[in-house]
Amino acid sequence: MPGGPALYMFDSGTLGLGGVDVPVPFFLIRHPQGDVLVDGGNPLAVAHDPHAHWGALAEQFEVHMSEEQHCAAQLRRLGVGPQSVGHVVQTHLHIDHTGALGHFPDATIVVHARELRAARAAEAPIASGYVREDYERPELRWQTAEGELDLFGDGTIRLLETPGHSAGHMSLLLDLEETGPVLLTADAADNRAQWEGREHPRALFSREDARRSLERLRELAHQTDALLVLGHEPDDWSRLKHSPDCYT
Ligand SMILES: [Zn+2]
């Protein structure tokens with residue numbers, strides 16, 4: 001097929017995490033079989049009033065986000081309308097990854113079955129990292145993955161099970177024509193310190209699973225020599241290409 005997938009990187013502003021302002025990334029993959037959004041950064045409501053939407057979590061994570069930084073607005077600036085997105089892949093459903101939900105009416109929302117179960121059972125956002133209003137929307141059409149998933153069956157977008165940070169967390173391994181493999185760890189590794197073993201991964205679900213998942217991703221990165229994109233790493237993020245530039 002003429003032209004393989006193109007990967008666009010965005011952020012919906014920053015969050016204060018451990019005293020550092022970190023980016024809140026999301027990704028668009030323009031694939032010959034359709035546009036795929038990976039996470040959506042922060043919900044739009046957060047740009048208006050973070051306390052109203054996140055409650056006490058807004059104090060824990062100081063957010064900097066404008067309306068123009070919401071995923072739907074940034075995609076529109078790239079010429080990608082809401083109807084064009086066929087899939088939204090959720091690495092997980094924590095508060096800073098759910099910005100796409102409810103904004104792409106024709107999209108199938110892909111998430112690991114364990115993640116959706118955990119999010120639906122979650123109680124207090126302050127402990128769990130979930131805000132039910134983000135994903136408890138009757139209009140959403142879910143596709144739950146029970147294991148790993150090759151989204152289009154062509155090896156270009158592979159969803160990997162990397163639990164630990166959350167119950168059904170997934171990372172993505174992409175295969176682009178020019179760039180080659182790209183590993184989107186999402187929150188399986190927030191930053192270089194975690195990636196290099198100087199800090200523990202941020203495990204809201206299971207430390208042991210998080211450690212195993214990170215070990216597996218390191219091995220995979222080593223084997224494939226993938227371009228590494230960590231979940232919330234400010235220094236790396238500033239060196240990567242952002243939309244409207246892209247990786248092909
Ligand atoms: Zn998270």
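Predicted model: local features only at pLDDT ≥ 70, side-chain atom pairs only at ≥ 80, totals over all residues.

Me: Which residues are the protein donors of the zinc ion?
Reply: Donors are N, O and S atoms within 2.8 Å of the metal (3.2 Å for Na, K and Ca); water is not among the atoms, so sites may look incomplete. Here the donors lie 2.1 to 2.5 Å from the zinc ion. They are His92 (NE2), His94 (ND1), His165 (NE2) and Asp187 (OD).

Me: How many residues apart are His92 and Asp187?
Reply: The donor residues follow the spacing H-x1-H-x70-H-x21-D. His92 sits in the loop between β5 (85–89) and β6, while Asp187 sits in the loop between β11 (180–186) and α8 (192–195). Helices (H or I, at least four residues) and strands (E, at least two) are DSSP runs, numbered from the N terminus. The pair links distant parts of the chain, and its separation is 95 residues.

Me: What is the arrangement of the four donor atoms around the zinc ion?
Reply: Four donors count as tetrahedral if all angles lie between 85 and 135 degrees; four count as square planar and six as octahedral if opposite donors are over 155 degrees apart and all others between 65 and 115; anything else is irregular. Around this zinc ion the angles run from 87 to 177°, so the arrangement is irregular.

Me: Which strands stand at the edges of the open sheet?
Reply: The sheet has five strands in the order β8-β9-β10-β11-β12, with mixed pairing. Two strands pair if DSSP finds at least two bridges between them. Each edge strand has a single partner strand, so one side of it is left without a neighbour in the sheet. Those strands are β8 and β12 (227–230).

Me: What angle does the direction of helix α9 make with that of β11?
Reply: Helix α9 (residues 207–224) packs on the sheet and touches β9, β10 and β11 (contact: heavy atoms within 4.5 Å). Axes are lines fitted to C-alpha atoms, for helices over the stretch in contact, and angles run from 0 to 180 degrees between N-to-C directions. The angle is about 165°.

Me: How many bridges pair β11 with β12?
Reply: Six of the seven residues of β11 are buried. In β12, Leu230 is the bridge partner of Ala186, and Val229 is that of Leu184. The two strands pair in the parallel sense, and the number of bridges is four.

Me: Which residue in β11 stands opposite Leu173?
Reply: Five bridges join β10 to β11, and these strands run antiparallel. A hairpin of three residues joins them. Opposite Leu173 stands Leu183.

Me: Within what arc do the buried residues of α5 fall?
Reply: In helix α5 (residues 113–121), the buried residues are Ala113, Glu115, Leu116 and Ala119. Seen down the axis, they line one face of the helix because their arc, that of the directions from the helix axis to the C-beta atoms, is limited. On the other side, Arg117 and Ala121 are exposed.

Technical notes: Residues numbered from 1 in each chain as written. Heavy atoms only, no water. Buried < 20%, exposed > 50% of the residue type's maximum accessible area, 1.4 Å probe, protein only.
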